[in-house]
Amino acid sequence: MKQFFALTATLLVMSLGAIQSFGQTSTSVTGANTISTGVPFLSIAPDSRAGAMGDVGVATSPDINSQHWNPAKYAFIDSEMGIALSYTPWLRKLVNDVNLAYLAGYKKLDEYQTISASLRYFSLGDIMFRDENSDPIGLQSPNEFAFDVGYIRSLTDELSGSVVFRYIRSDLGSGQENFFPGNSFAADVAFYYRHEMRANRKDAAFSAGINISNIGNKVSYDDGETKDFIPTNLRLGAGYEMEMDNYNKISFNIDFNKLLVPTPQYIEDSGEGGVIIGSGISDDKSVIEGIFSSFGDAPGGLKEELQEVNVSLGMEYWYNEQFAIRAGYFYENENKGNRKYFTAGAGLKMNVFALDFAYMMPTAANHPLANTLRFSLSFDFEAFGNQNN
């Protein structure tokens with residue numbers, strides 16, 4: 001391809017981290033063997049509540065932004081209808097026009113059924129394309145978006161399930177020679193369990209969840225000549241929520257994440273002037289083959305497979321159901337991207353509106369959200385209707 005992105009685009013791609021590049025390629029860094037996929041924007045935590053708790057969300061208490069983490073949670077939400085908007089600045093130390101916007105909502109149809117939808121839009125700002133001589137040839141505004149709809153059903157008093165269907169479009173260089181927008185269709189399957197109980201004369205609840213997201217066809221930017229896996233992901237976790245007194249409650253949550261795509265081939269220095277080539281994975285595997293093989297294809301065996309599991313820990317404290325304080329930690333092995341960071345945030349809930357914000361503090365490699373505030377605004381339609389009655 002004659003054209004390529006300017007320096008700004010290159011920095012953006014590099015900043016997306018271990019799983020965030022545009023193709024599945026071999027790795028030649030000794031000890032490191034990161035997994036890369038197409039459309040990595042699908043893996044970005046879109047809302048501020050989960051973002052303040054180390055990116056946990058599959059088993060937390062339900063909220064309006066559950067569509068990304070576990071849509072099955074909507075079956076247990078109290079209100080009949082809600083909508084939320086989140087805004088995430090990106091690379092604010094370098095540019096001011098790259099951002100992620102996320103709109104999510106749901107509507108209960110009856111006691112057992114709920115429908116949901118979300119729209120995710122990732123803008124890469126204005127980027128100058130250049131030819132092989134680095135001469136400017138045109139200013140473009142690359143962007144990516146995903147739109148999905150979900151159906152949620154209560155299976156028992158304590159268990160719910162959901163399916164989500166998603167359309168993905170990635171337009172990173174439309175109009176440039178031999179560069180085409182990438183398109184994909186995907187689906188999510190999720191379940192949520194919530195058991196409420198009494199412990200030490202206080203109300204408490206145990207929850208668990210699982211979400212297999214982005215099960216879909218590969219994406220291509222060169223009219224099908226090269227195809228990349230999208231970030232199919234397994235997320236499972238658990239949470240425990242307990243009442244401290246009539247005004248205070250606290251919850252603790254943990255999530256485990258693993259990309260269900262093949263581990264790439266790697267090249268390692270043998271220490272004797274030669275190299276050792278890992279077992280390698282063929283990119284011509286089907287999506288289903290890639291999902292099942294992802295549990296046992298790491299060249300380093302079980303040890304490397306376990307390194308591919310990311311861990312998120314989160315805590316949330318509520319006072320009088322109106323004010324929340326949150327904190328969390330995200331861990332990724334150094335051989336799989338080395339993303340490690342603490343998070344913190346707060347939330348304020350009124351009768352109709354709720355405002356949340358999150359702040360990230362990396363402890364290892366630089367992160368594009370370092371020292372950046374993220375905001376989410378939620379609107380409860382049922383509460384609004386009750387105020388007018």
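Let's start at S184, which sits in strand β9, spanning residues 182-199. Strands here are DSSP runs of E at least two residues long, helices are runs of H or I of at least four, and both are numbered from the N terminus. Keep in mind that this is a predicted model, where local features need pLDDT of at least 70, side-chain atom pairs count only at pLDDT 80 or more, and totals for chains, interfaces and linings use all residues. Residues are numbered from 1 along each chain as its sequence is written, and side-chain values use heavy atoms, with hydrogens and water left out.

Is S184 buried or exposed? S184 counts as buried because its relative accessibility is 1%; buried means under 20% relative accessible area, exposed over 50%, and partly exposed in between, using a 1.4 Å probe and protein chains only. Its side chain reaches the backbone oxygen of N217 at 2.7 Å. Leaving aside residues up to four places away in sequence, S184 touches R166, Y167, I168, G216, N217, K218 and I230, a contact being heavy atoms within 4.5 Å.

Zooming out, the chain has six helices and 19 strands. Of its 389 residues, 50% are buried. Take the contacts between residues at least 6 apart in sequence: 59% of them join residues at least 24 apart.

Now for the charges. Side chains of opposite charge can pair when their charged atoms come close. A search of the whole structure turns up 18 salt bridges, each a side-chain nitrogen of Lys or Arg within 4 Å of a carboxyl oxygen of Asp or Glu.

One of them pairs R49 with D63, with the closest N and O atoms 3.0 Å apart. R49 lies in helix α2 (residues 48-51) and D63 in the loop between α2 and α3 (66-69), so this pair ties together parts 14 residues apart in sequence. Both R49 and D63 are buried.

Next, R235 and D255 meet in a salt bridge at 3.5 Å, N to O. This pair links distant parts of the chain, 20 residues apart: R235 is in strand β11 (residues 233-243) and D255 in strand β12 (residues 248-259). R235 is buried, with a relative accessible area of 12%, and D255 counts as buried at 1%.

Strand β12 also holds K258, which forms a salt bridge with E305, the closest N and O atoms being 3.5 Å apart. E305 lies in helix α5 (residues 302-307), so the pair ties together parts 47 residues apart in sequence. K258 counts as buried at 7% relative accessibility, and E305 counts as buried at 7%. Finally, salt bridges that share partners join R49, D63, E316, R326 and D356 into one network.

Note on methods
A polar contact is a pair of N or O atoms within 3.5 Å; within protein, one must be able to donate a hydrogen and the other to accept it, and residues adjacent in sequence count only if both atoms are side-chain atoms.
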